[in-house]
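Please review the structure shown below together with its sequence. The briefing that follows is grouped by topic.

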Amino acid sequence: MRTFKIGGVHPHDNKQFSAHQPITECPLPKQAIIPLVQHIGAPAQAVVEVGAKVKVGELLAKAGGFVSANICSPVSGTVTKIGDWTDAWGAAGQAVFIDVQGDEWLPEIDRTPDIVRSCTMEPKAIIDKIAAAGIVGLGGACFPTHVKLMPPPGKKAEVLIVNGVECEPYLTCDHQLMLEHGEEIIVGIELLKRALGVDRAIIGIENNKKDAIAHMTKLAQSKLGIDVVPLKLKYPQGGEKQLIDACIGRQVPSGALPIEVGAVVDNVATIYAVYEAVQKNKPLISRVMTVTGKKVLKPGNYSVRFGTPIEEVIQLAGGVPSDTGKIIGGGPMMGRAMDHIEDMPANKRLSGLLFLPEAESIRPEQDNCIRCGKCVQACPMGLEPFLLQRLSELEMWEECEKHDVMDCIDCGCCVFTCPAHRRLLDGIRPAKAKVGAILRERAAAAAAEKK
Amino acid sequence: MKTFITTPAPHAHSGDSVRRNMLLVILALLPAYIVSVIEFGWGAIITAAISVAACVLTEWCISRFLLKEQKQTIGDLSAVLTGLLLAFNLPSGIDWWIVLIGAVVAIGVGKMSFGGLGQNPFNPALVGRVFLLISFPVQMTTWPLAKGFETSYLDAETGATPLYFLKHIVKTGDGSTMDMLPSLWDSFMGVMGGSLGEISAIALIIGGLFLICTRVITWHIPVSILATVALFAACTGWVGALPAEMSTCQYIGYSLLSGGLMLGAFFMATDYVTSPMSACGKILFGIGIGFIMMVIRTWGAYPEGMSFAILIMNACVPLLNKFRPQRFGEKKK
């Protein structure tokens, strides 16, 4: 069975709590908070004014640049405020506040469960529809999907790689989506193949989801040029570069994008959103979230409209377990711990909520580095985490750059594996920020010189 | 508003710890230790007990009274392991005060003077052993014959190790002492003289494989050492440096099975702190050890060169760490 070649770790997948829980609709909130930053890139710019009446699917904010995404209204009601708002991780930004009234949708949105299979649209029209619907990568990075579908001049996509790996422990939303909406995902794949002009698509699914592999294989059988590839269980297989390596054996060079090796990667949830946008005219206004944890009463997969306060989703899952020490937005390897749950809405970036008991929430004290090299063995990018952390401590930024700190994908394998519980990433992250700034400065200086 | 703990990702850990790794290495040493108790009786028990106790006590005293640390580190079991490895490298009947000096040097000079676990450039147990070898050459090369619990602790019958005869045969080309060597089978099982823990190749190999299977160590260092030694021995045979009584295969066998090679290859050279980080560095490190050891065994003044070979290569580790691991997306050169 295939997998990526360098490094990786084997965390306990803990998916048993919410696996196979049918996707449940979360009720509409009374008030929705819709942040204007729900993607990588420039914030979206609000196009509605306070007092405006909006319907579900109406454009609330348009993309604020090339790398940015539209935001459509997930609810119907009255805009009460457009203003400052701080998320549960402490990042400040703007948000649109809507008082929810009824559930009135734009008339062109097809709300029937019928699957629309045929599509005769031109590639450009498909991409435009994806851009209008505000679709971003729902696997975690939230990179605007339409941008990925427009390769820079001179580059040609050869293969679409579909990410059904869901390598983060605990999370099961993609798994359940494949089981319940596999057919729609296959149609979505056909749409993206058309948009990209490629005749081959590969669906990578890790081997801990055998039913999803069987289901998708059966659905893909009748389709030409769609293959399902079962992958050996290993974290971080869902990382874009790792997945390409696992599926087609090509390694994206340092600093380059997947298109360099002819690949475009999209997550199954993103592809489902593409299907809904193109075939049903439904913009990206909701997503499936996994709410889970060892002590959660009703762990499950919930379909949540963006803007719904997460407190309401948590209520649906049985409330915050009493011994909770940490609430993580996302999975345990790359998810971010939230300071509080009030005033935090579901949004494009939030793939799940994980409740960790107090005992698992506190990081053990660090011991001396014993130079065992396990971080080097675990790093999927072939870096030397122990060295980067030390160089960062000494503020030797140029050395950090020489040792390829910018290749770090933040996966956390080094910290996960370290027997001395060293917080390697705490040092490597600032080094990445610092070296990134130095690189940008250098590029700006070079550009100025050219002029 | 209730607030929760916020620490940076990842929020999961493998459960591995320094203590677990040390414990597994200690477990892996047990088969060899059992053979040694069977062969040397009380000598093996007393020497190991003194060595371990002295190492732990030295570390605690230095950390508590000299460095005045709040947190004591003896709980990580690394001092226990150093003590055990030191004992494995001593003749089983050696005087107790020599063991004591060895332990104090190993921990005090070899480890704590550099700042404790993780900071020392040289393998502490070998620092202790080499210090003793140079200071007490007679006691350190007087090996009791293996007679189980009939061996009395201090005034046991003694004899030279197979390595002494092996060196004599290769150096002088005099094959008449061939019958002084144990059979290859005895060397493999450990029915021969030698330091406390080095005699049974099979027990050490079992322990080493256990460490590789539990991912405490990787195969790179032991395999590259053993392969280099075998190749060197084969070359010695091919250039015709062996007497007629010994075949090349026999010499390869004796080179691999005698002395501290197996103990060194699986347990001493693989010490985390004093070995390189990347796979490439580890292989070069192993080749260096195998080569230097065979040079000392063949031409040096000492019959055994494993300790020196490892210590010399320990000194090269910062240099070997310049060999980076294969980066993702990097073209193979």
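The points below cover the fold of chain A, one helix pair and the contact with chain B.

The model is predicted. Chain A contains 13 helices and 17 strands, and its contact with chain B draws on 50 residues from chain A and 33 residues from chain B.

**Overall form of chain A**

- The radius of gyration of chain A is 22 Å, close to the 22 Å that the globule rule gives for 451 residues, so chain A is as compact as a globular protein of that length.
- Along the principal axes, the C-alpha atoms of chain A fill a box of roughly 65 × 55 × 50 Å.
- Buried residues make up 54% of the 451 residues of chain A.
- Among contacts in chain A with a separation of 6 or more, 74% join residues 24 or more positions apart.

**Packing of helix 1 and helix 6 of chain A**

- Helix 1 (residues 123-132) of chain A packs against helix 6 (residues 268-280) of chain A at an angle of about 110°, and their axes are 9 Å apart.
- An angle of 65 to 115 degrees counts as roughly perpendicular, and helix 1 of chain A and helix 6 of chain A are therefore roughly perpendicular to each other.
- Helix 1 of chain A contributes Ile126(A), Lys129(A) and Ile130(A) to this contact, while helix 6 of chain A contributes Val274(A), Ala277(A) and Val278(A).
- By class, this helix contact has five nonpolar residues, one charged residue and no polar residues.

**Side of chain A that touches chain B**

- Strand 15 (324-329), strand 16 (336-338), helix 12 (413-417) and helix 13 (424-450) of chain A each give two or more residues to this side.
- Strand 15 of chain A provides the largest share, five residues.
- This side has 26 nonpolar, twelve polar and twelve charged residues.

Conventions:
Residues numbered from 1 in each chain as written. Chains lettered and ligands numbered in written order. Predicted model: local features only at pLDDT ≥ 70, side-chain atom pairs only at ≥ 80, totals over all residues. Contact = placed C-beta atoms within 7 Å. Helix = DSSP H or I, 4+ residues; strand = E, 2+ residues; numbered from the N terminus. Nonpolar A, V, L, I, M, F, W, Y, C, P; charged D, E, K, R; others polar. Rg over C-alpha atoms; globule rule 2.2 N^0.38 Å. Buried ≥ 20, exposed ≤ 12 C-beta atoms within 10 Å, placed from the backbone. Axes fitted to C-alpha atoms, helices over the stretch in contact; angles between N-to-C directions. Parallel < 35°, antiparallel > 145°, perpendicular 65-115°, else oblique.
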